[in-house]
Amino acid sequence: MRLALFVLLSVPIAALAQLKVASDTTLTGFTHPESVGCDPKNKAIYASEFGSKLAPLEKDGAGYISKWSLDGKLIEKNFLPGDKGEKLNKPKGLWVHGNRLWTTDIDSVWVFDLKTKKGRRLAIPGIQFANDPMVRGGALYVTDNRGDQAFKVEPADFLNAKAEPKISTVFKDAKVNPNGIWPAKGGTLVVGFLAPDQPRAIYRLDKDGKPAAISDPIGRLDGVYELKDGSLLVTDWNSGSLFQWSKKLGMHKLAEGFKGPADFCVIAGKKGLTAYVPDLVQSQVRIIELR
């Protein structure tokens, strides 16, 4: 899924009623990027890359997280885990906040210090396909797409924690198959991903963590992000698109032609939004300017 937002300058709500694509630039040089995390404070983006082949459950130690400039120039290919002797397999969702970066990897979640590159892996018992991480209220949430469940890790920043983090289940067997997750104003959002002929919807978690659909079934949904006006940006494998959604707008496609539109991130600027959307299948990242 998944993805961190840092608002640089506020965007007028009126400008977000129905977005349009102002420019769409394709970057190459990736090896199956599953997620992009934004870090405008350090003028960088990070991409989680499988590093070998499109085998999301293979523990081959070939994965890594690369660092790029905001305009798409490579800064460091193997930024994480770097030369610390640690191994990533198939890193997926990313979440960036402050000087911390979280990423999921099959049956575990990692937290890294972006300055020192120190990392710590946390295995999550019972998880089948760790997908997207999100930090909210000092806790880390991790979706499990194939296990149809979500987990909560406390504290979120367990890098230097002396005690073992507490791991609990948020929900299970809800027929959501959660992929992307986002800390929306009205409650945490998740989007579902299963099969082309078994579309999943957009869901909101209630105070007890129970998901309820807020849209009709749409497709194989991957990343999700909430705009200032409450509408959403979502990626969908069925339509190969990045689209904007609200109950009023419905599904408004913005950019198409993806083979595997995965977990993206967004930076808000004075003129509009910049979305960094990875294409897992085509080994590309597209920089999409929205107005």
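## Open sheet E3 to E6

Two strands are taken to pair if DSSP finds at least two bridges between them. In this predicted model, four strands meet that condition in an open sheet with the order E3-E4-E5-E6, and their pairing is antiparallel. E3 and strand E6 (74-80) are the edge strands, each of them pairing on one side only. Direction ignored, neighbouring strands of the sheet are turned by 25° against each other on average.

Within this sheet, strand E4 covers residues 44-49 and strand E5 covers residues 64-69; six bridges pair them in the antiparallel sense.

A search of the whole structure finds one disulfide. Cys38 and Cys265 form this link, with their sulfur atoms 2.0 Å apart. The angle about the S-S bond is 75°, and the link of Cys38 and Cys265 is right-handed.

Are the two cysteines buried or exposed? The cut-off for buried is under 20% relative accessible area. Cys38 has a relative accessible area of 0% and is therefore buried. Cys265 likewise counts as buried, because its relative accessibility is 0%.

## Hairpin of E21 and E22

Strand E21 (residues 241-246) and strand E22 (residues 250-255) run antiparallel and are joined by five bridges. Together E21 and E22 form a hairpin, with three residues between them. Across this pairing, Leu242 stands opposite Ala255 in E22.

## Largest pocket

Rolling a probe the size of a water molecule over the atoms shows where empty space is left. In this model, the largest pocket holds about 270 Å³ of space. It is lined by 16 residues, of which Pro56, Phe129, Arg146, Phe193 and Trp237 are the closest to its centre.

What classes of residue make up the lining of the largest pocket? The lining has eight nonpolar residues, together with four polar and four charged ones.

How values were computed. Residues are numbered from 1 along each chain as its sequence is written. This is a predicted model: local features need pLDDT of at least 70, side-chain atom pairs count only at pLDDT 80 or more; totals for chains, interfaces and linings use all residues. Side-chain values use heavy atoms; hydrogens and water are left out. On a 1 Å grid over the protein atoms alone, a cavity is a set of points where a 1.4 Å probe fits but cannot get out, and a pocket is an open set with protein on both sides within 12 Å along at least five of seven lines; lining residues have an atom within 4 Å of a point. Grid points are joined across faces, edges and corners, and a volume is the space filled by probe spheres set on the points. Ala, Val, Leu, Ile, Met, Phe, Trp, Tyr, Cys and Pro count as nonpolar, Asp, Glu, Lys and Arg as charged, and the others, Gly among them, as polar. Helices (H or I, at least four residues) and strands (E, at least two) are DSSP runs, numbered from the N terminus. A disulfide is a pair of cysteine sulfur atoms within 2.5 Å. Buried means under 20% relative accessible area, exposed over 50%, partly exposed in between (1.4 Å probe, protein chains only). Axes are lines fitted to C-alpha atoms, for helices over the stretch in contact, and angles run from 0 to 180 degrees between N-to-C directions.
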